[in-house]
Amino acid sequence: MASKMLLLFLFFVAQQQYNLVKGDTTLIKRTCKNTKYYNLCFSSLKSDPSSPTADSKGLAVIMVGIAMTNATSTSSYLSSKLLSPKTNSTTLKMVLKECADKYSYAGDALQDSVQELSDENYDYAYMHITAAKDYPNACHNAFRRYPDLVYPRDLARREEGLKHICDVAMAIIDNLDW
């Protein structure tokens, strides 16, 4: 009898978990349909373990966190390139340092946007994300100033990724109740 009760209890808990995840997938899908990059939005939010319990503002915070991870890892990547023995050009070192700084500033701006989201200052959060999205342009322009430097393909991919993630975060904020 006790084992039947335990089995029934486990079935009930499993059913509740399924309903919770299914319901939250609906919010994620609805949220992501209002963005320019649905697949990026959906896969990013679904991969975060806190998304099943997040409301729309929480989903925005998750996307900003993903953008912060991108900006921080790109800054670290650039810093490691700067220290690489293969990087022997003074000009390249100067540009890599400038780019690492810009991506670090992007991370700072995204951190500020999280605070603004928690304070429900959505316009300021949006402004900080817009700034973070623009910092990679300064890096790209730094490479353009020196025609002998080639903009690295991996950096271009990271730049595009950050811009798209920021676009998704801004679209989610656009649909919050201001």
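Biologist: Which residues does A169 touch, not counting those up to four places away in sequence?

Modeller: Leaving out residues up to four places away in sequence, A169 touches M63, V64 and I129, where contact means heavy atoms within 4.5 Å. This is a predicted model, so local features need pLDDT of at least 70 and side-chain atom pairs count only at pLDDT 80 or more, while totals for chains, interfaces and linings use all residues. Residues are numbered from 1 along each chain as its sequence is written, and side-chain values use heavy atoms, with hydrogens and water left out.

Biologist: And where is A169, and is it buried or exposed?

Modeller: A169 has its place in helix α6, helices being DSSP runs of H or I with at least four residues and strands being runs of E with at least two, numbered from the N terminus. A169 counts as buried because its relative accessibility is 1%, and buried means under 20% relative accessible area, exposed means over 50%, and partly exposed lies in between, with a 1.4 Å probe and protein chains only.

Biologist: How far is A169 from A67 in space?

Modeller: Their C-alpha atoms are 8.5 Å apart, although A169 and A67 are separated by 102 residues in sequence.

Biologist: Zooming out, how many helices and strands does the chain have?

Modeller: The chain has 6 helices and 0 strands, and reading along the sequence gives the pattern α-α-α-α-α-α. Of its 178 residues, 39% count as buried, and among the contacts with a separation of 6 or more, 70% come from residues 24 or more positions apart.

Biologist: Back to α6, then: how do α5 and α6 cross?

Modeller: The axes of α5 and α6 (residues 153-174) come within 10 Å and cross at roughly 165°; axes are lines fitted to C-alpha atoms, for helices over the stretch in contact, and the angles run from 0 to 180 degrees between N-to-C directions. That angle makes α5 roughly antiparallel to α6, since angles over 145 degrees count as roughly antiparallel, under 35 as roughly parallel, 65 to 115 as roughly perpendicular and the rest as oblique.

Biologist: What sort of residues make the contact of α5 with α6?

Modeller: By class there are 14 nonpolar, 3 polar and 5 charged residues in the contact of α5 with α6. Here Ala, Val, Leu, Ile, Met, Phe, Trp, Tyr, Cys and Pro count as nonpolar, Asp, Glu, Lys and Arg as charged, and the others, Gly among them, as polar.

Biologist: What about α3 and α4, how do their axes cross?

Modeller: The axes of α3 (residues 56-83) and α4 (residues 90-118) come within 8 Å and cross at roughly 160°, which makes α3 roughly antiparallel to α4. In the contact of α3 with α4, the residues divide into 16 nonpolar, 8 polar and 4 charged, and α3 passes α4 in a left-handed crossing.

Biologist: Which residues is T74 in contact with, leaving aside its neighbours within four places in sequence?

Modeller: T74, which lies in helix α3, is in contact with Y103, L155 and R158 once those neighbours are left aside. T74 is buried, because its relative accessible area is 0%.

Biologist: New topic: how many disulfides does a search of the whole structure find?

Modeller: The search finds 2 disulfides, a disulfide being a pair of cysteine sulfur atoms within 2.5 Å. One is formed by C32 and C41, with sulfur atoms 2.1 Å apart, and this link is left-handed, with -75° about the S-S bond. Both C32 and C41 are buried.

Biologist: And which residue does a disulfide join to C99?

Modeller: C99 is joined to C139, with 2.1 Å from S to S. C99 lies in helix α4 and C139 in helix α5 (residues 122-144), so the pair ties together parts that are 40 residues apart in sequence. The link of C99 and C139 is right-handed, with 95° about the S-S bond, and both C99 and C139 are buried.

Technical notes
A crossing is left-handed if the near helix is turned anticlockwise from the far one by less than a right angle, and right-handed if clockwise.
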